[in-house]
Amino acid sequence: MTVSRLGFGASSLGSVFHETRLGESIVAVEAAVDGGINFIDVSPYYGYYKAETVLGQALRGIPREKHYLSTKVGRYGEDGHNAWDYSAGRAVSSVYESMERLGVDYIDLINVHDIEFQTARPGGLQMVVDETLPALAELKRQGVVRHVGITDLQLQNLKWVAERSETVESVLNFCHYCLCDDALADELDFFEQHGVGIVNASPLSMGLLGQRGAPSWHPAPRPLVEACCKAAAYCAEKSYPIERLAMQFAVSNPRIACTLFSSANPVNVKRNIEWANEEPDWQLVDEVKRIIGNQQRVTWANT
């Protein structure tokens, strides 16, 4: 797949961050595609199936050949509770359920979602290698899916699985190629050597790099949160919103195929596309990185 440098993450369509309106969400998807985005990522987990359902409605008016569609298996939830199931049978049934919600007859990229949650379950990550991925590989052989990947916050988990499975064609990693943490850059050689494409996500590090500050639920340690607040204030003094700089930095590396952002607001979608097409102020990038300083690359857990 030849994907756009900026991709649309559909988690917001599931009202993950705040309640959203159907009509506005549909317009947001249309604005993304009209703005040149051709890669759309979603999951049954986002909004407990709502994001896929809303995205499916939005895609009805968009020709299938204008976008690549990515969704996931393994992480779910109902009635406000998280649930995980990385078994082969559930992976297969999940793909068909997603296709029904999305209104499509094939998936361009199917991902095993947040594999770190399998580490504490029977079989650990070896189950992803021995059971989940082979099930998806069979669906690829049948033409139900076109490509297979894995996603996780922890880079070491992505590397561990990619080393042990020839099925993995791409990885999706979030919060590790942004102004406050660029650890993904250290692993580009590894993934390229294994023939694995790279998708970056969350250029604002789930709200750390925003003028409003990180949300209360953010798992980052307090020193990193405070450093990012200082960086945001500094950018504001320069009349250069930190969100703008963060978006520009996140898409600047040509070795990363695509960077995902999420918004159900069409105005924000258009603004992010405009920002991503601008060259960043590299002097300001250096200054922001110095402000954040040694708080970069602090390990924090997925939630």
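Residues are numbered from 1 along each chain as its sequence is written, and side-chain values use heavy atoms, with hydrogens and water left out. Because the model is predicted, local features need pLDDT of at least 70 and side-chain atom pairs count only at pLDDT 80 or more, whereas totals for chains, interfaces and linings use all residues.

Eight strands form a closed barrel in the order S1-S2-S3-S6-S7-S8-S9-S10, with parallel pairing. Here strands (E, at least two residues) and helices (H or I, at least four) are DSSP runs numbered from the N terminus, and two strands pair if DSSP finds at least two bridges between them. In general, strands of a sheet pair through backbone hydrogen bonds, either parallel or antiparallel. Neighbouring strands of this sheet are turned by 30 degrees against each other on average, direction ignored. Strand S6 (residues 107–112) and strand S7 (residues 145–152) run parallel and are joined by five bridges; leucine 109 has histidine 147 in S7 as its bridge partner.

Helices lie across these strands. Helix H3 (residues 88–102) lies across strand S3 (68–73), S6 and S7, and runs at about 140 degrees to S3. Helix H9 (residues 266–276) lies across strand S1 (6–9) and strand S10 (258–261), at about 155 degrees to S1. Axes are lines fitted to C-alpha atoms, for helices over the stretch in contact, and angles run from 0 to 180 degrees between N-to-C directions; contact means heavy atoms within 4.5 Å. The loop between H3 and S6 holds aspartate 105, which is exposed, with a relative accessible area of 64%. Aspartate 105 and valine 144 are 39 residues apart in sequence, yet 7.2 Å apart in space, C-alpha to C-alpha.

The next topic is the nonpolar cores, sets of buried Ala, Val, Leu, Ile, Met, Phe, Trp, Tyr and Cys residues joined through side-chain atoms within 4.5 Å. Buried means under 20% relative accessible area, exposed over 50%, and partly exposed in between (1.4 Å probe, protein chains only). The largest core has 90 residues, of which Phe8 and Leu55 touch the most other members. Helix H7 (residues 222–237) gives the most to this core, with seven residues. Apart from it lies another core of ten residues, among them Leu109, Val199, Cys258 and Leu260.

Aromatic rings complete the picture. The structure holds seven aromatic pairs, counted for rings of Phe, Tyr and Trp (its six-membered ring) with centres within 6.5 Å; planes under 30 degrees apart are stacked, over 60 edge-to-face and the rest tilted. Tyrosine 45 and tyrosine 48 form an edge-to-face pair, 6.2 Å centre to centre with 80 degrees between the planes. Tyrosine 45 is buried at 17% relative accessibility, while tyrosine 48 is partly exposed at 30%. Tyrosine 177 and phenylalanine 249 form a stacked pair, 5.0 Å centre to centre with 5 degrees between the planes. Tyrosine 177 lies in the loop between strand S8 (170–174) and helix H6 (188–193) and phenylalanine 249 in helix H8 (residues 242–250), so this pair ties together parts 72 residues apart in sequence. Tyrosine 177 is buried, with a relative accessible area of 7%, and phenylalanine 249 is buried at 5%.
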